[in-house]
Protein chains: 2
Amino acid sequence: MSVEITRLKADQADFDKQLNAMLAWESVSDKQVNQIVDDVIEQVRARGDAALVEYTNRFDRMQATQMSELEVSQTRLLQALQSLPLDQRTALEAAAQRISAYHERQKSESWRYTEADGTVLGQQVTPMDRIGIYVPGGKAAYPSSVLMNALPAKVAGVQEIIMVVPTPDGVVNELVLAAAALAGVDRVFTLGGAQAVAALAYGTETVPRVDKIVGPGNIFVATAKRAVFGAVGIDMIAGPSEILVICDGQTDPDWIAMDLFSQAEHDEDAQSILISPDACYLDQVVASIEKLLPTMERSDIISASLKNRAMLIEVADIDEAVKLCNRIAPEHLELSVADPEALLPKIRHAGAIFMGRYTAESLGDYCAGPNHVLPTSGTARFSSPLGVYDFQKRSSVIMFSAEGASEMGKVASVLARGESLTAHARSAEYRIIKDN
Amino acid sequence: MSVEITRLKADQADFDKQLNAMLAWESVSDKQVNQIVDDVIEQVRARGDAALVEYTNRFDRMQATQMSELEVSQTRLLQALQSLPLDQRTALEAAAQRISAYHERQKSESWRYTEADGTVLGQQVTPMDRIGIYVPGGKAAYPSSVLMNALPAKVAGVQEIIMVVPTPDGVVNELVLAAAALAGVDRVFTLGGAQAVAALAYGTETVPRVDKIVGPGNIFVATAKRAVFGAVGIDMIAGPSEILVICDGQTDPDWIAMDLFSQAEHDEDAQSILISPDACYLDQVVASIEKLLPTMERSDIISASLKNRAMLIEVADIDEAVKLCNRIAPEHLELSVADPEALLPKIRHAGAIFMGRYTAESLGDYCAGPNHVLPTSGTARFSSPLGVYDFQKRSSVIMFSAEGASEMGKVASVLARGESLTAHARSAEYRIIKDN
């Protein structure tokens, strides 16, 4: 089976142009999407539950008459968990345990220090009160995503976790409900789309307002999250999934082909990139791809994704591969080389770094422990995996001693008057100790 | 001088309604603003420097012929610093030193741990490469803001800091340039509005693309930041400044009146709130306000702000004051009480907490050390002061031993097959050690 994959050499004349063209990705909310989302948000804010029921009946082809029909009880969640086949339940519990253990290490603690004059400075770290998790319905409904979004919030100490998941035509994903039970989600509503985001952001009679909304969704969900940003916190707006594999040419080419497939099978826009200094090895991986592709359940999606967005890039040496990686800032990076530790300090931008030939990226998707919600489309330049820190926030703590307030009052006075803010200056000056 | 200020009692029948009405704040970008911003961004992306020069000439009434005229040289920045009056320079340097010292404590370090089978998990923390700071021009141009935005990035280890500041009619703020020199800003462009945000987000021939944009601005800047979010990181979109003072009735009422003024003088939309269980004390503060207001340079702005948005709230006791505070989630909180330490653990939501009678909020604006860029409009429910953590990001680190990959491969295989992702499953299964 022949597969079309873009093959580049880093020293070819038009390399930069070709690379940029292949990397280009922009999720554009057109005017029509924006208009629909704005209308939905306005209606949910104005009419609450009534609007939620209407939109859900219309968009998800449901026949609800009131909001209570769109809530899933804890009993129902537990039932889903208890009905799981034993191997799935054991695996899900093992994953949950590892995810929690890893995220415990991410917890920030409050800190403070005292200066010579008795002034205390510090930062008080607290969890958010209540957060919302958006879980997509249909084919992209992953129980692992429920764990990855809910468990960091639990570890952070969030009191209440609200989950929304659309159930188009009433079709419920049992694994998703089971994962919600396992992760300790407090309430689940069968809502989706912009209406679910609006309900979480502003609250309705039934759906409580949350402090932050996390989780992936389609263009309507992404547009709605952007629109409510500020009223609530949101996580990054996710693009298609990507993997970048740097290989020294010594890993079984079948393994690498399958690692590339594991991104490509997500959807036609997913991106799989392999970089190697070994041209013959790239040929071997192509051979593995051609051999293995016909055996894959999702061969259509995989071949479309490989054709649309995959790249095999030949570089002069591993250093050039690392340089390219920092330019691409991939979501997932596999360092499939003999000595990955030597490369790690040089990696400046990547969502997650999978080191060594044994560390398949798919282990990270489920049960390695670190989060699988990662910055996509080059946003690893400025953002991080979802973590406990996304559900904690900080308050500055300042307690001046009388002496400290007096000394600093003089400094503040000069600067405030320089900015023509005299109330600021006088407020500080009141605390200056008068010499007798 | 009589001042109109809303006075409420927490036990009055319509308290919730009145409080919510007074707190309500929403920055709305109307369709016209959105359209202008979208056009500006599109033009800057398409035509780069040429569009920047055109917009700057049009909106800021400049006569530039090329981009180089819109860059401020390092020599010019140093000249501004060296021309400062000595007291201002000394004060600015003292502030910078304290801000840096405090923010050093915020630095996150990389961490890792090794499991029994040799598997290594951790997180690698790295600074962003290049960030952009938006500094407003005109009356709201504060040198302290330059320090507060630039120094945390410096401490984080950001390599390059780009600052944009509009200079309408060519008017330059010497203090702002001096602060840029002191903070180690690398390049300064005299650009403002949506065009400056677009240039930083996408880059032009002259302005380098940054990884994150921070700093406050008008509605065009806020709308542009929202639009480019995703292509770059942004900080919170700031609303008007607020202070909430909780006082036991024992602080000099003149001090508290001036503390309230120091927020009110920012602008007519700024919000000052005083909560006390002591009704007579509230009367005393009103008397102080009436006495002091005529002596203030910005009395017009202060009285408009007090009339529009201020509240004096009488509560049953300090516990009720704390409860109200957590509901309001103020940007600045003063605990002007005898034992502020006793209240601190009960404060769940606040940007910065100023403890004790000596700790005037205005000290925090300039030189206490903590950042003065704080979450406004109740966003302290889910966000934090600007900090070093805003300029660092994290990469998950995963290195499985052969044994670990084999064990976890079994778990991943079950879960991946549960999600019908067979490439994920097979990629993990390749790493399972075969029994002989």
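Modeller: One term first: buried means under 20% relative accessible area, exposed over 50%, and partly exposed in between (1.4 Å probe, protein chains only). This is a predicted model: local features need pLDDT of at least 70, side-chain atom pairs count only at pLDDT 80 or more, and totals for chains, interfaces and linings use all residues. Residues are numbered from 1 along each chain as its sequence is written, and side-chain values use heavy atoms, with hydrogens and water left out.

Colleague: Which residue of chain B meets A:Glu341 in a salt bridge?

Modeller: A salt bridge is a side-chain nitrogen of Lys or Arg within 4 Å of a carboxyl oxygen of Asp or Glu. The pair crosses between chains, from helix 14 (residues 340-343) of chain A to strand 3 (residues 111-114) of chain B. At 2.9 Å, N to O, A:Glu341 meets B:Arg112.

Colleague: Is B:Asp254 buried or exposed?

Modeller: B:Asp254 forms a salt bridge with B:Lys291 (2.7 Å, N to O). B:Lys291 lies in helix 11 and B:Asp254 in helix 10 of chain B, so the pair ties together parts that are 37 residues apart in sequence. With a relative accessible area of 15%, B:Asp254 is buried.

Colleague: Which C-alpha of chain B is nearest the axis?

Modeller: Copies are superposed by least squares on the C-alpha atoms of residues with pLDDT of at least 70 in both. A rotation of 180° with 0.0 Å of shift along its axis places chain B on chain A (RMSD 0.0 Å). The two copies are thus related as by a two-fold rotation axis. At 3.7 Å from that axis, the nearest C-alpha in chain B is that of B:Arg226.

Key:
Chains lettered and ligands numbered in written order. Helix = DSSP H or I, 4+ residues; strand = E, 2+ residues; numbered from the N terminus.
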